[in-house]
Amino acid sequence: MRMNTLLTLVMTGLFCQISPGLSAQNQLSLEEAVLVAQRLSPMAREAYATWQAAEAQYRLAIANQGFSLDMAATLPGLNRQIEPLLLDDGTQSFITRSQSYSYSSLQARQPLPFSGGTLHVSSGLHFIHNFGQLRSSFWQSTPLLLEVQQPILQPNRWRWDRQIAESARQHASLQYRVSMENLAQEARTRFFEALAGQIASRHAIHTLQVLDTLAGIARQRRTLGSATEGEWLQIRQQQLQAATLVEQLDRQSHAARSRLAHMLGLDPVMLPVLAAPSAPGQTQADWDFLRHRMMAQAASLSDQRLQSLHLSRSVAEAQARHSFRADVILSLGLNQTGNSLLEAYKSPQWRQFGTVAVQVPLASAGRKQAELTMLHQQEQALRAQTTRQELELTVAWEQLVAEWDLGNQQLSRTALIDSMARRGHELAVQRYLLGRGSLPDVLLAQQSWETAQVAHFQALQDRWLALGQLRLLTLFDPRFDQPLPWPPAPQP
């Protein structure tokens with residue numbers, strides 16, 4: 001009866017679950033940790049703010065190509081000066097002229113994206129009043145003025161601005177999704193680090209409890225003469241080592257939990273117990289499809305495309321700057337001057353105005369060739385950098401594909417080994433309690449079980465991190481055969 005009681009105590013201490021016995025609501029799962037990191041962490045808020053700034057910059061670039069209406073006015077300005085006046089007898093007299101002037105206008109502007117020009121429509125009114133000896137005043141109106149400014153043989157700035165703005169927006173959106181998935185991958189790494197410390201600490205505590213029980217059995221056997229002094233001392237030594245290991249692992253587990261909590265934006269004291277995740281499952285991926293998606297979604301390649309667009313614009317502007325170019329300004333409007341406000345708007349006269357500004361470079365001391373050579377070399381360097389990054393992505397992809405199926409096999413194999421080692425440890429303890437085995441056999445079986453548990457946990461961790469890396473590279477979840485949803489907006 002006493003032997004059965006001891007066996008029950010040992011089996012309860014050895015084979016209890018690693019979890020603390022809390023309900024699922026009091027545990028933090030891997031998926032929940034990732035979600036908390038994307039909602040509460042400072043890194044998530046930083047990535048979200050950066051993306052929002054890029055969105056605002058895109059809206060600003062598009063708004064700059066839209067219609068604008070402005071009103072300008074000049075408060076009465078004063079001007080006092082001495083001017084010569086020619087008299088009838090041919091002599092000159094000097095008089096003092098004091099003048100005030102006011103101006104107001106309403107101006108509308110509309111860029112012309114199809115041609116690169118700009119259309120201006122305006123209406124204005126001037127009032128000038130002279131004081132002193134030459135007292136007079138008059139009004140000058142411009143009821144309507146149409147003006148078109150059109151660059152000739154020059155890049156279409158509006159078209160370039162829009163292309164760059166759209167490319168920059170796409171890159172910013174892609175960079176935000178990649179940043180959030182990077183954050184999710186970092187959260188997974190921190191989660192498994194803290195979970196490993198939590199499991200190791202509790203396993204050490206259970207091991208210490210088992211050694212305490214075995215020490216009591218050895219002490220009783222020594223009293224009955226069925227165990228030697230050396231056996232009891234060996235168990236006592238294992239007890240002391242296990243107690244030291246418990247303290248060490250407890251400190252390491254606390255440090256790992258603190259790092260996870262700070263990353264999630266939580267108080268370490270409020271961090272729940274971590275729940276061990278199950279295997280992500282067998283995923284049959286369409287590797288060709290995912291590889292093409294990786295190349296299309298790679299943030300580094302998107303940045304290269306944006307830089308290439310900037311360089312293409314710089315080349316076009318440099319070629320135009322060092323070649324023949326012109327700017328045409330055509331204006332058509334109504335104008336009238338009168339002594340009163342009503343006269344200024346009575347029977348306005350048409351006014352036409354046109355200029356063609358031409359610039360013909362004759363000599364530049366080699367600046368054109370130097371600038372174009374510099375830009376072309378930068379384009380070549382950018383193409384070489386893009387090729388290198390594509391090669392690096394290809395190498396990383398091939399390594400991931402090679403390890404994917406191997407990870408499936410390792411996870412299944414380590415799970416089987418863990419189950420066998422656990423059963424072997426159980427049998428070793430039973431044989432020792434029945435007097436058919438030795439303490440070294442128990443300790444060896446315990447060490448084998450611990451090694452199998454570590455290997456299985458490492459395979460599980462590698463499997464989840466490999467899935468996270470695949471999601472990061474492709475922004476696609478092969479488990480559900482669909483693209484990753486848009487990341488949740490973090491809390492302010």
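**Close-up views of the predicted model**

**View A. Aspartate 481 counts as exposed, at 61% relative accessibility.** The model shown here and in every view below is a predicted one. The cut-off for exposed is over 50% relative accessible area, and aspartate 481 passes it with its 61%. Aspartate 481 sits in the loop between β9 and β10 (482-483). Its phi is near 55°, a positive value in a residue other than glycine.

**View B. Serine 347 has a positive phi although it is not a glycine.** The angle is about 50°. Serine 347 belongs to the loop that runs between α8 (341-344) and β8 (349-359). Its relative accessible area is 48%, so it is classed as partly exposed.

**View C. Helix α3 covers residues 42-63.** The helix has 22 residues, and at 1.5 Å a residue they should span 32 Å. The end C-alpha atoms of α3 lie 31 Å apart, which agrees with that expectation. Ala44, Ala47, Trp51, Ala54, Glu55 and Tyr58 are the buried residues of α3. Seen down the helix axis, these buried residues fall within an arc of 100°, so they line one face of α3. The face turned away from the buried side carries exposed Glu46, Thr50 and Gln57.

**View D. Glutamate 55 is a buried residue of helix α3.** Its relative accessibility is 9%. Buried means under 20%, so the 9% of glutamate 55 qualifies. Follow the chain from glutamate 55 to glutamate 166 and the separation is 111 residues. In space, their C-alpha atoms are 10.0 Å apart.

**View E. Phenylalanine 289 and phenylalanine 476 form an aromatic pair.** A search of the whole structure finds 11 aromatic pairs. In the pair of phenylalanine 289 and phenylalanine 476, the ring centres are 5.2 Å apart. Phenylalanine 289 lies in helix α6 (residues 287-297), and phenylalanine 476 lies in strand β9 (residues 476-477). The pair therefore ties together parts that are 187 residues apart in sequence. Phenylalanine 476 counts as buried, at 5%.

**View F. Tyr48, Trp51, Tyr176 and Trp486 form a cluster.** Ring pairs provide the links between these residues. Trp51 is also one of the buried residues of α3.

**View G. Two arginines sit over tryptophan rings.** Arginine 157 lies over the face of tryptophan 158, at 4.1 Å from the ring centre. Arginine 463 places its charged end over the ring of tryptophan 404. Here the distance to the ring centre is 4.0 Å.

View H. The largest share comes from α2, with 5 residues.

**View I. Arginine 257 is a residue of helix α5 (residues 229-264).** Its relative accessibility is 18%, so arginine 257 counts as buried. Arginine 257 and glutamate 193 are 64 residues apart along the chain. Their C-alpha atoms are separated by 8.2 Å.

**View J. Arginine 313 is a residue of helix α7 (residues 299-321).** At 16% relative accessibility, this arginine counts as buried. Arginine 313 and isoleucine 62 are 251 residues apart along the chain. The distance between their C-alpha atoms is 18 Å.

**View K. Aspartate 89 lies in the loop between β2 (68-86) and β3 (92-112).** With a relative accessibility of 59%, aspartate 89 counts as exposed. Aspartate 89 and leucine 249 are 160 residues apart along the chain. The C-alpha atoms of these two residues are separated by 114 Å.

Notes
Residues are numbered from 1 along each chain as its sequence is written. This is a predicted model: local features need pLDDT of at least 70, side-chain atom pairs count only at pLDDT 80 or more; totals for chains, interfaces and linings use all residues. Side-chain values use heavy atoms; hydrogens and water are left out. Helices (H or I, at least four residues) and strands (E, at least two) are DSSP runs, numbered from the N terminus. The expected span of a helix is 1.5 Å times one less than its number of residues. Buried means under 20% relative accessible area, exposed over 50%, partly exposed in between (1.4 Å probe, protein chains only). The arc is that of the directions from the helix axis to the C-beta atoms. Rings of Phe, Tyr and Trp (its six-membered ring) pair if their centres lie within 6.5 Å; planes under 30 degrees apart count as stacked, over 60 as edge-to-face and the rest as tilted. A charge sits over a ring if NZ of Lys or CZ of Arg is within 6 Å of the ring centre and within 35 degrees of the ring normal.
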